[in-house]
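Here is a walk through one protein chain, from its overall layout down to a few single residues.

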Amino acid sequence: MSLLNKPKIAVVLLVLCCCGCDSGPEIATVEGTVTMDGKPLSGASVLFINTTGRPAGATTDANGHYVLTFTKGRQGAMPGPNKIRISTIRDAGVDETGKPIPAMKETVPMRYNAKTELEFDVKAGEQNVADFKLESKGKVAAASAY
């Protein structure tokens, strides 16, 4: 192969790699608020599980608000029916700035996570708002229940 062809091959490979950066399944934006007994549920993980693809997740802020992330750099979830799991259980760790994050025990009843009753139909091409009003009544799962 001549030296003139090597740069052309490199350019073609670079273009092909860049074209695939935003590829992937169609997703739709999803955000909402989670409350328990009428109060914002902060620090909870929210997981949307689609039967035909990968899940999307988020963590609620101090106001119980979340915005789902499908993959790094892509916010949203796959359209169609999704089972929802909401949980507060978390191991201790550190955030992206190195600040310690304390462990949290589960406070959400099993009917919203391990044995979820929650569902949401994500609509393609729409700004989906999925608010969840949880009640603390019910059995809370042990960490090993997941």
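**From fold to single residues**

Reading along the sequence, you get the pattern α-β-β-β-β-β-β-β-β-β-β-β-β-β. That comes to 1 helix and 13 strands. Bear in mind that this is a predicted model. The chain has 146 residues, and 30% of them are buried. Take the contacts between residues at least 6 apart in sequence: 63% of those join residues at least 24 apart.

Now for the inside. The largest nonpolar core has 25 residues, and the members that touch the most other members are F48, Y66, L68, I86, F132 and L134. Which strands each supply at least two residues of this core? They are strand 1 (30-36), strand 3 (45-50), strand 4, strand 8 (80-87) and strand 13 (132-134). Strand 1 gives the most, with 3 residues.

Setting aside residues up to four places away in sequence, F48 touches V30, P55, A56, Y66, L68, N82, K83, I84, F120, V122, A130 and F132. Three of those partners, Y66, L68 and F132, are also in the group of core residues with the most contacts to other members.

Step along to I49, which is found in strand 3. Is I49 buried or partly exposed? Its relative accessibility is 30%, so I49 counts as partly exposed. Not counting residues up to four places away in sequence, I49 touches P55, P81, N82, K83 and R85. For a sense of how the chain folds back, compare I49 with F120: they are 71 residues apart in sequence, yet 9.7 Å apart in space, C-alpha to C-alpha.

Next, find T60, in the loop between strand 4 (56-59) and strand 5 (65-67). Although T60 sits in a loop, it counts as buried because its relative accessibility is 5%, and the cut-off for buried is under 20%. What does its side chain reach? The side chain of T60 gets to the backbone oxygen of L41, at 2.6 Å. Leaving aside neighbours within four places in sequence, T60 is in contact with V34, L41, S42, G43, A44, V46, H65 and Y66.

Two last stops. D37 is found in the loop between strand 1 and strand 2 (39-40). D37 is not a glycine, but it has a positive phi of about 55 degrees. With a relative accessible area of 46%, D37 is partly exposed.

Finally, go to V140, in the segment after strand 13. V140 has a relative accessible area of 34%, so it is partly exposed too. Leaving aside neighbours within four places in sequence, V140 is in contact with E106, T107, V108, P109 and M110. V140 and N113 are 27 residues apart in sequence, and the distance between their C-alpha atoms is 9.3 Å.

Methods. Residues numbered from 1 in each chain as written. Predicted model: local features only at pLDDT ≥ 70, side-chain atom pairs only at ≥ 80, totals over all residues. Heavy atoms only, no water. Helix = DSSP H or I, 4+ residues; strand = E, 2+ residues; numbered from the N terminus. Buried < 20%, exposed > 50% of the residue type's maximum accessible area, 1.4 Å probe, protein only. Polar contact = N/O pair within 3.5 Å; in protein donor to acceptor, adjacent residues only side chain to side chain. Contact = heavy atoms within 4.5 Å. Core = buried A, V, L, I, M, F, W, Y, C linked by side-chain atoms within 4.5 Å.
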